[in-house]
Amino acid sequence: MSRRWSIRALSQLERGSPETAHVILQNVTHRLHDQFLACQELQSSGILQEQQQKRASSAQSHLAHLTHVHYDTWLQCQRILDNGSLLQRWSKADQHYIHALLTQTRDRHAPGLERWVEIVTDLNRLNDANNDNNASANNSGDDLLTADEIIHPILQRRIGIQLLTDHYDKLCKGAPQGEGQVGAVQVHQPLWSLTKRAYEEAQHIGEVHLLSTPDLVMMEGQETATATTVHSWIHHVLVEIFKNSLQATVEHAQQINPTAALPLESSLLPPIQVHIDHDNNNNNSSFTMIHVKDQGPGIPNHAMERVFQLGQSSAQQRWDRLEEQQSYAAVRSPLRSMGVGLTLSRLFLRHFGGELTLTNNNSDNSNNQHGCEACLSLPLDDTILEPEIQP
């Protein structure tokens, strides 16, 4: 069974040692094998075999590809472990080979997430069609639930593989030391500056697609707050939240100001507010909370959890990421998407004990402000282990 890591344990791995290479390779190999078995289970479950339509054939094709890639990458890694000579000699050539193998494993799985989205999307459409024609209210959605139950642990293992391979890659490349950067882990990362950088990236996307964007207002709070995090994960979550907030704010402003010239003047765009503070839950576990509040239309209550489901997107036009994007290390979709941003964001935070929640911000003050508030909960305890995922 694969080891369950904590952020602290990852940050303590020794750069360039054969022991680090062995433990990373061993864990990646175990997880790849579990992924391969999960793909086989899905293939034999009958969820796809029962469907005879064209979309089922497409989903089967994606699943067959994923099964092959997981088997092939697992086999390559397993052969190195079985042989053992590279890790024993540990010459410069051996070090380069292990590094290249893990990097290649990461890159070969580049379109994997997008293929899972395609499979889930096809299943959704097939289930909707079957429910319209045949299903009663008692069994509506059962097939989709079964698919989600199988695919969710696959996604969780996938980001674990991503983390280990990316961490080893950054260790080998020698990320700047003395700045809190240890591989993919950022020790005691200043959250104030991280939030500002994420907003700047989201703002750039917004200016291209929306022509104008609201300002960012950092409210008084824990300006010096830090957290030990997987930097790319938290950055992704913040960019995704800001991107959604920007779009909601601008589109809502356009709706209530239909005669205003485009691009909208900044005075018509209420700012996005960010507040950072600390919180203790009922178990006395301490969290740093990053609150992002916009003044868009909010999210319908019935759709609040649905936005976190894989393949669910509010965008009017879907983005075919299989053709337009081949990035595995970080997923950043533009304003039209395949519905992976919030799904990944919640998985990233939950991986080490955090959480992402959305609530509507309907106040009764004189301004009658509305909107949505996203809350990122980051545990201060960096010894929390990854979730246990059964094969």
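The second largest cavity of this predicted model has a volume of about 130 Å³. Twelve residues line this second largest cavity, and those closest to its centre are Ser2, Arg4, Arg31, Pro387 and Ile389. Sorted by class, its lining has seven charged residues, together with three nonpolar and two polar ones.

This space is one of several in the structure. In total, the structure holds six cavities of 30 Å³ or more. The largest cavity has a volume of about 160 Å³. Of the 16 residues in its lining, Ile7, Thr228, Thr229, Phe352 and Pro379 are the closest to the centre. Several named elements contribute to the lining of the largest cavity: strand S4 (226-230), helix H9 (231-256), helix H11 (341-351) and strand S8 (372-379) each supply at least two residues. Which of the elements gives the most to this lining? The answer is S4, with four residues. By class, the lining of the largest cavity has eleven nonpolar, three polar and two charged residues. The reader may set this beside the second largest cavity, where the lining divides into three nonpolar, two polar and seven charged residues.

From the cavities we turn to a pocket. The second largest pocket holds about 310 Å³ of space. Its lining is made of 14 residues, and His152, Phe308, Gln309, Leu310 and Thr343 lie nearest the centre of the pocket. Helix H7 (142-173) and helix H11 each supply at least two residues of this lining. The largest share comes from H11, which provides five residues. The lining of the second largest pocket divides by class into seven nonpolar, three polar and four charged residues. H9 and H11 have axes that come within 9 Å and cross at roughly 140°. H9 passes H11 in a left-handed crossing. On the side of H9, the contact is made by Trp233, Ile234, His236, Val237, Glu240, Ile241 and Asn244, and on the side of H11 by Gly341, Leu342, Leu344, Ser345, Phe348, Leu349 and His351. The residues of this contact divide into eight nonpolar, five polar and one charged.

H9 also packs with helix H8 (residues 191-210). The axes of H8 and H9 come within 8 Å and cross at roughly 45°. Because of this angle, H8 counts as oblique to H9. The crossing of H8 and H9 is right-handed, whereas H9 passes H11 in a left-handed crossing. In H8, the residues that meet H9 are Leu194, Thr195, Arg197, Ala198, Tyr199, Glu201, Ala202, Gln203, Ile205 and Leu210. Their partners in H9 are His231, Ile234, His235, Leu238, Val239, Phe242, Lys243, Leu246, Gln247 and Val250. By class, the contact of H8 with H9 has twelve nonpolar, five polar and three charged residues. Ile234 of H9 takes part both in the contact with H8 and in the contact with H11.

A further pair is formed by helix H2 (residues 18-44) and helix H5 (residues 92-108). Their axes lie 11 Å apart, and the two helices pack at an angle of about 30°. How are H2 and H5 oriented to each other, roughly parallel or roughly antiparallel? Angles under 35 degrees count as roughly parallel, and H2 and H5 are therefore roughly parallel to each other. The crossing of H2 and H5 is left-handed. Ala21, Ile24, Leu25, Val28 and Leu32 in H2 meet Ile98, Leu101, Leu102 and Thr105 in H5. The residues of this contact divide into eight nonpolar, one polar and no charged.

Finally, two details of the backbone may be examined. Trp90 is found in the loop between helix H4 (85-89) and H5. Phi of Trp90 is near 55°, a positive value in a residue other than glycine. The second detail concerns Pro263, which is found in the loop between H9 and strand S5 (272-280). The peptide bond from Leu262 to Pro263 is cis, with omega near 0°.

Terms used: Residues numbered from 1 in each chain as written. Predicted model: local features only at pLDDT ≥ 70, side-chain atom pairs only at ≥ 80, totals over all residues. Heavy atoms only, no water. 1 Å grid on protein atoms, 1.4 Å probe; cavity = no way out; pocket = protein on both sides within 12 Å on 5 of 7 lines; lining within 4 Å. Points joined across faces, edges and corners; volume = space filled by probe spheres on them. Nonpolar A, V, L, I, M, F, W, Y, C, P; charged D, E, K, R; others polar. Axes fitted to C-alpha atoms, helices over the stretch in contact; angles between N-to-C directions. Parallel < 35°, antiparallel > 145°, perpendicular 65-115°, else oblique. Left-handed = near helix turned anticlockwise from the far one by under 90°. Contact = heavy atoms within 4.5 Å.
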